[in-house]
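Trainee: I would like to learn how to read a model like this one, feature by feature. Could we begin with the sheet?

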Amino acid sequence: MNILAVCLGNICRSPLAEGILRSKLDNTHHIDSAGTGNWHVGESPDKRSVSIAKKYGIDIQNQQARQFKKEDFTNFDIIFVMDSSNYQDVISLTKNDEQKNKVKLILENADVPDPYYGGDAGFDHVFQLLDKATDKWINKLELK
Ligand code: 4NP
């Protein structure tokens, strides 16, 4: 399965989602992440995301931010967005129901809060939310 995690900047939440999914799935699955915005393209994840991932044994420091692109609808089977604003942004680029159906809120009926302007506790909270959500999806989609 090809899985893409999407947030706004691709430096805080979706790099964590990518790292957590990678840590739980074997490499028959292709995992990536992207941002709807382009401000941080080429950058490493935010150092607070790098350090919270490291605390839980996951190395995300070599990821590089990129912007979401229309080809992602073809290249990925499922597109996990972090919040309803990401959902609107990605849905606005879809051409048909097949593309729309690939886009899922990772928490299903809640947003992963954007931790960018907050403190370290926000990053731990995001990690915990994503850790639980990815377990649920892995079960639901029978990814292992
Ligand atoms: P992310 O967090 O969407 O989880 O990567 C953000 C990172 C940067 C900005 C906003 C959100 N920004 O406005 O630069």
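Mentor: Two strands pair if DSSP finds at least two bridges between them, and strands (E, at least two residues) and helices (H or I, at least four) are DSSP runs, numbered from the N terminus. By that rule S3 and S4 pair in the parallel sense over three bridges, with isoleucine 79 having valine 103 of S4 as its bridge partner. This is a predicted model, in which local features need pLDDT of at least 70 and side-chain atom pairs count only at pLDDT 80 or more, while totals for chains, interfaces and linings use all residues. Residues are numbered from 1 along each chain as its sequence is written, and side-chain values use heavy atoms, with hydrogens and water left out.

Trainee: In what order do the four strands of the open sheet lie?

Mentor: Strands of a sheet pair through backbone hydrogen bonds, either parallel or antiparallel. Here the pairing is parallel and the order is S2-S1-S3-S4, with strand S2 (30-35) and strand S4 (103-105) at the edges, each pairing on one side only. Strand S1 (residues 2-7) is joined to S3 by four bridges, and isoleucine 3 has isoleucine 78 in S3 as its bridge partner.

Trainee: Which way do the side chains of S3 point?

Mentor: In a regular strand the side chains alternate between the two faces of the sheet. In S3, Ile78 and Phe80 point one way, whereas Ile79 and Val81 point the other way, and all are buried, where buried means under 20% relative accessible area, exposed over 50%, and partly exposed in between (1.4 Å probe, protein chains only).

Trainee: Why does phenylalanine 76 count as buried?

Mentor: Phenylalanine 76 counts as buried because its relative accessibility is 3%. This residue lies in the loop between helix H3 (72-75) and S3. Leaving aside neighbours within four places in sequence, phenylalanine 76 is in contact (heavy atoms within 4.5 Å) with residues including Ile3, Leu4, His30 and Lys102.

Trainee: Where is aspartate 83 found, and is it buried or exposed?

Mentor: Aspartate 83 is found in the loop between strand S3 (78-81) and helix H4 (84-91), and it is buried, with a relative accessible area of 11%. For its polar partners, read a polar contact as a pair of N or O atoms within 3.5 Å; within protein, one must be able to donate a hydrogen and the other to accept it, and residues adjacent in sequence count only if both atoms are side-chain atoms. The side chains of aspartate 83 and arginine 13 are joined by a polar contact of 2.9 Å, and a polar atom of the aspartate 83 side chain lies 3.1 Å from the backbone nitrogen of serine 85.

Trainee: Which residues of helix H2 are buried?

Mentor: In helix H2 (residues 47-55) the buried residues are Ser49, Val50, Ile52 and Ala53, and what covers them includes helix H1 (13-24) and helix H6 (120-140).
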